[in-house]
Amino acid sequence: MSDIWKPSVTVAAIVPRRNGERLEFLMIEEITPEGVRLNQAAGHLDPNESLEQAVIRETMEETAHEFVPEALVGTYMSKFISPNSGKEVTYLRFAFCGKVIAQHDRPLDKGIVRALWMTYEEIVACQAMHRSPLILKCLQDYLAGQRAPLNLMYTHPSVVDTGN
């Protein structure tokens with residue numbers, strides 16, 4: 001029997017804010033094997049957590065901002081082949097939009113250079129630095145008003161670690 005292929009499940013946070021007339025999005029710069037890259041606060045789904053818990057955790061770890069997801073913008077798949085190792089990974093990304101309710105004074109995750117606010121135009125202008133080809137698609141879908149209610153997702157209690 002052959003191995004069953006499994007994509008790598010990730011989450012991403014689309015966090016907008018108004019800064020005067022400017023609509024900005026919370027982004028991060030991170031160190032990767034391919035150099036410094038730009039991304040939304042994003043990362044892998046960990047064992048014993050829901051998708052919502054994962055995006056809240058990743059946003060806190062990478063930006064020091066407390067994130068409240070309000071809707072699912074979409075689910076996305078992409079394939080990445082590392083130019084250094086040749087390793088192939090397929091990512092299944094769940095992108096959430098929401099708001100930040102607090103910023104905390106805490107260190108950012110290892111490898112995160114900084115969190116920053118950028119306009120859509122600034123993000124488009126530096127596509128060569130994007131960690132994922134899904135960054136722009138997620139933002140475009142968000143700007144087009146694409147939203148699904150969070151109650152479309154269900155996590156059975158057997159998945160979530162209750163600490164018992």
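Student: What is the order of the strands in the open sheet, and how do they pair?

Tutor: In this predicted model, 4 strands form an open sheet in the order E5-E1-E7-E6, with mixed pairing. E5 and E6 are the edge strands, because each has a single partner strand and one side of each is left without a neighbour in the sheet. On average, neighbouring strands of this sheet are turned by 20° against each other, direction ignored.

Student: How do you know that E1 and E5 are paired, and in which direction do they run?

Tutor: Pairing requires at least two bridges between the strands. E1 and E5 are joined by 4 bridges, so they meet that requirement, and they run antiparallel. Within E5, Ala-41 stands opposite Ala-13.

Student: What makes the pairing of the sheet mixed?

Tutor: The mixed pairing can be followed strand by strand. E1 and E7 run parallel and are joined by 7 bridges, whereas E6 and E7 run antiparallel and are joined by 15 bridges. As examples, Ser-8 has Tyr-91 in E7 as its bridge partner, and Pro-69 stands opposite Gly-98 in E7. E6 and E7 also form a hairpin with 6 residues between them, and Gly-86 in the turn has a positive phi of about 80°.

Student: How do you know that the length of helix H1 agrees with its number of residues?

Tutor: The expected span is 1.5 Å times one less than the number of residues. For the 13 residues of H1 (residues 51-63) this gives 18 Å, and the end C-alpha atoms are 18 Å apart, so the two values agree.

Student: Why is H1 called mostly covered, and what covers its buried residues?

Tutor: A residue counts as buried under 20% relative accessible area, and 10 of the 13 residues of H1 are buried. Among them are Leu-51, Val-55, Met-60 and also Arg-57, Glu-58, Glu-61 and Glu-62. The covering elements include strands E1, E3, E5, E6, E7 and E8.

Student: Why is Asp-141 called buried?

Tutor: Asp-141 has 8% relative accessibility; the limit is 20%, so Asp-141 counts as buried. Asp-141 belongs to helix H3 (residues 134-143), a helix that is mostly covered, with 7 of its 10 residues buried. The buried residues of H3 also include Leu-134, Ile-135, Cys-138 and Tyr-142.

Student: Which residues is Asp-141 in contact with, leaving aside its neighbours within four places in sequence?

Tutor: Asp-141 is in contact with Val-73, Tyr-76, Gln-146 and Arg-147. For Ala-95, the C-alpha to C-alpha distance to Asp-141 is 9.9 Å, with 46 residues separating the two in sequence. After H3 comes Gly-145, whose phi is positive, near 90°.

Student: Which values make Asn-48 and Ala-64 worth a remark as residues other than glycine?

Tutor: Asn-48 has a positive phi near 65°, and Ala-64 has a positive phi of about 65° although it is not a glycine. Asn-48 lies in the loop between E5 and H1, while Ala-64 lies in the loop between H1 and E6.

Student: What is the volume of the largest pocket, and which residues lie nearest its centre?

Tutor: The largest pocket has a volume of about 590 Å³. Its lining has 28 residues, of which Glu-30, Asn-39, His-44, Tyr-91 and Arg-131 lie nearest the centre. The elements that give two or more residues to this lining are E1, E3, E4, E5, E6 and E7.

Definitions and conventions: Residues numbered from 1 in each chain as written. Predicted model: local features only at pLDDT ≥ 70, side-chain atom pairs only at ≥ 80, totals over all residues. Heavy atoms only, no water. Buried < 20%, exposed > 50% of the residue type's maximum accessible area, 1.4 Å probe, protein only. Contact = heavy atoms within 4.5 Å. Axes fitted to C-alpha atoms, helices over the stretch in contact; angles between N-to-C directions. 1 Å grid on protein atoms, 1.4 Å probe; cavity = no way out; pocket = protein on both sides within 12 Å on 5 of 7 lines; lining within 4 Å. Points joined across faces, edges and corners; volume = space filled by probe spheres on them.
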